[in-house]
Every structure is written in C-alpha cells, then in structure tokens.
Amino acid sequence: MTLEEMQFGALMLTSVLTIDLASRSLRLAGRVYNLSRWLMVTGIGLIAVQFLLQYTLHFRHASVTQGVAVNLVFFMLSSWLVSLAVLNLQRRGHLKPRERFFGLACWALAVGILGCGTLADDGPLLSDTPAMRTSEYAAAILFALMQSHHTFLNWREFRNIRHAMNQYYDGEEKQRLLGWMEKSVYILAGIAVMLPFIIFLSGAVLFFYSLFLLGFIYYCVSRFINYGADNALQRVEAAEENQKQADSDEQDNCEAQPENAFPADDELTGQAIDRWTADEHYCRKRLNIQEVASEMGIGREQLSAWLSRRHMDYAAWLNSLRIEKAKLLLSDHPDWSNEAVACECGFTDRSYFQRKFKDLTGQTPAEWRVKE
C-alpha cells in the first residue's frame with residue numbers, strides 16, 4: 001500500500017465516522033452526552049481535515065518537516081477535544097475552566113512555537129531548517145505533556161467511576177458499560193508517549209502506527225455511540241448516587257457507634273444473605289445491588305455495610321458466588337462448554353467468565369476440569 005492510498009483510506013474512514021457521529025439523534029442520552037458527542041465530532045473531523053491536506057498537498061513527499069508540522073497542529077487539537085469529550089462524560093459536565101481550556105492553551109502555545117520556527121530563517125513556508133526542526137521538537141514535547149495531563153485526569157475519574165460501579169453492578173455490567181472507556185484511557189496514555197515522536201519517522205513504523213491509530217479511532221467512536229444509545233450515562237449516575245449514599249450511611253454509622261462495633265442486625269443481615277444465596281438467585285444475569293437487597297428483604301445500605309465490613313465490593317462478592325457455582329458445574333458436567341457454564345452461572349459473556357475464573361482460581365476452566 002502506498003502512502004497516498006493509506007492517506008486516502010484514512011480520510012474516508014475518519015470522514016464517515018465524523019458524519020455518522022454528527023448525524024446521530026440521541027436526545028434520550030442527555031445534554032452531557034450530546035456535548036461530548038459534538039466535542040468528539042470536532043476532534044475526529046479535524047483528523048479528517050488533516051488527512052485531506054496531507055493527501056492533496058503531499059506534505060510528506062515534500063519533506064518530513066512539513067508533514068510533522070501539519071500533524072502537530074491538527075493532532076494536538078484533536079487529541080485535546082477527544083480527551084475532553086471523555087472527561088466531560090466522566091464529570092457529568094462539571095468541568096473546571098482550567099480543565100476545559102488547558103489543552104487549548106497548550107495548542108495555541110505550540111502553534112506559536114511553530115510560527116516562530118517558520119519565521120526564524122528565510123525560506124519557503126515550513127521549509128526544513130534547523131530552527132523549524134527545533135520548534136517541532138519543542139511542540140512535540142508540549143503535546144506529550146498536554147496529553148499526559150489529560151490522560152491522568154481521565155484515569156483518575158475512571159478509577160472513581162469504576163469503584164462506584166463495583167459497589168452497585170456486577171462486574172460484567174461494569175465491563176459492558178465502561179470497557180471502552182478503560183481501553184480509551186490506556187490507549188490515550190500510549191498516544192501521549194508515542195505519537196508526538198513517531199510522527200517524525202517515516203516508512204514501515206509510521207505506516208503500522210497509523211493503522212493502530214485508525215483502529216483506535218474507529219473503536220473509540222463506535223463504542224462511544226453505543227454508550228449513548230444504551231443510555232449508559234444514567235446507569236453510571238445511579239451507581240455514583242448509590243456510592244454517595246453508602247459513604248454517607250457509613251459516616252453516620254461511625255459517628256453513632258464505637259469503632260469496630262457491628263450493628264445489632266448484622267446477624268439478621270447475614271441470615272437473609274445466606275437464604276438468598278442458598279436459592280442461587282445470584283445465577284440470574286445483570287443484578288444490581290438495589291434489586292438484590294430488595295429480594296433479600298433488607299435495605300441496600302444494610303447489604304453495602306455487610307460487604308464493607310468484610311472488605312468486599314458488590315461486584316467481587318457476586319463474581320465469587322458465581323465462580324464457586326461454576327466449579328461445581330465444571331466437575332459435574334464435563335461435557336458442558338464454557339459458554340453453557342457461564343450462562344448457567346449468570347454470566348452473559350464467555351470471555352469475561354473465563355477471565356474472572358482465572359483471576360479467582362489461578363486456572364482456566366479447562367485446567368480446572370483436568371485437575372478435577
């Protein structure tokens with residue numbers, strides 16, 4: 001594949017993704033989601049414009065310097081917008097002014113640095129001069145620092161959301177709702193380290209990295225669309241409200257009783273939990289803590305407190321029950337497939353079941369069968 005063919009393919013992909021994302025009517029997803037959607041539309045659209053310029057004006061053929069300068073101007077602004085779109089979702093629109101405009105300030109400074117490099121030596125615009133190269137290196141370092149900052153903000157917020165989800169939903173529901181966000185945060189971290197410097201290269205390394213980058217863009221946009229269509233933001237908000245209430249209840253309990261004292265109804269709560277687990281209600285799919293507590297005949301705060309005193313979160317507790325059930329099924333039904341066992345235990349995703357089985361037992365389901 002030639003450079004022009006790759007640039008044309010990238011132009012078509014990013015253009016289609018931009019149009020698809022812009023044309024989505026997801027009013028039920030809410031104002032916060034749609035603001036993030038337009039931030040992402042603008043970010044992906046800028047990448048399409050960048051590939052259009054590269055394809056029509058042949059910057060890379062003219063010199064690597066010209067291609068790098070265009071990459072920095074467009075990728076840096078696009079990276080800020082995409083990171084801000086994810087952060088806006090995580091914060092439910094409550095962004096501080098410095099968080100909103102930090103990336104824009106970095107981009108403006110980088111453009112200024114590139115402009116100074118262009119004017120430092122006499123010659124054609126964006127010509128390959130020592131001053132231009134130096135300004136590009138400085139702008140690339142600024143790009144890496146900016147993206148590292150946004151990646152840290154995204155990772156910190158994701159960690160808080162993940163904790164809240166673990167306290168409210170089973171692990172599989174959390175993975176279904178937030179899996180794309182987790183992968184996006186980690187890949188953005190990789191971009192922060194690699195992209196500002198890989199753009200100076202050419203040949204096979206740049207080609208394969210471009211394929212990786214385009215794959216990430218496609219994944220991020222498609223999963224972002226699914227996130228809105230699934231009304232996932234409302235579920236995340238429910239989990240966070242539950243976490244706030246649980247923290248408030250725990251603080252009230254600590255103030256009302258001596259340290260390390262157990263509530264008087266702890267034994268009754270345990271009995272209700274034992275009855276529920278004995279009937280294997282945990283084998284049903286997509287259970288949240290509110291539903292489970294109601295079925296047990298206790299309050300959600302009672303179940304949360306019982307788990308907290310045992311240093312467990314809701315998702316881990318539910319997974320442990322399901323994996324214990326899976327062990328029995330694997331032993332009693334050696335002819336059953338992993339998918340059948342996963343479904344019978346309350347998992348909807350075979351790969352998630354296998355991963356959790358390995359995490360909790362140190363063995364794959366197949367290895368467990370051989371051992372038994």
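In this predicted model, Asn-154 touches Ser-83, Val-86, Leu-87, Gln-90, Val-185 and Leu-188, once its neighbours within four places in sequence are left aside. Asn-154 itself belongs to helix α6, which covers residues 130-168.

**Packing of α13 and α14**
- Helix α13 (residues 314-332) and helix α14 (residues 338-345) have axes that come within 9 Å and cross at roughly 135°.
- Angles over 145 degrees would count as roughly antiparallel and those from 65 to 115 as roughly perpendicular, and α13 and α14 are therefore oblique to each other.
- The handedness of the crossing between α13 and α14 is right-handed.
- On the α13 side, the residues in contact are Arg-322, Lys-325, Ala-326, Leu-329 and Leu-330, and they meet Asn-338, Val-341, Glu-344 and Cys-345 of α14.

**Length and end of α8**
- Helix α8 (residues 204-229) has 26 residues, and at 1.5 Å a residue it should span 38 Å, which agrees with the 38 Å between its end C-alpha atoms.
- After α8 comes Asn-231, a residue with a positive phi near 55°.

Technical notes
Residues numbered from 1 in each chain as written. Predicted model: local features only at pLDDT ≥ 70, side-chain atom pairs only at ≥ 80, totals over all residues. Heavy atoms only, no water. Axes fitted to C-alpha atoms, helices over the stretch in contact; angles between N-to-C directions. Helix = DSSP H or I, 4+ residues; strand = E, 2+ residues; numbered from the N terminus. Parallel < 35°, antiparallel > 145°, perpendicular 65-115°, else oblique. Left-handed = near helix turned anticlockwise from the far one by under 90°. Contact = heavy atoms within 4.5 Å. Expected span 1.5 Å × (residues − 1).
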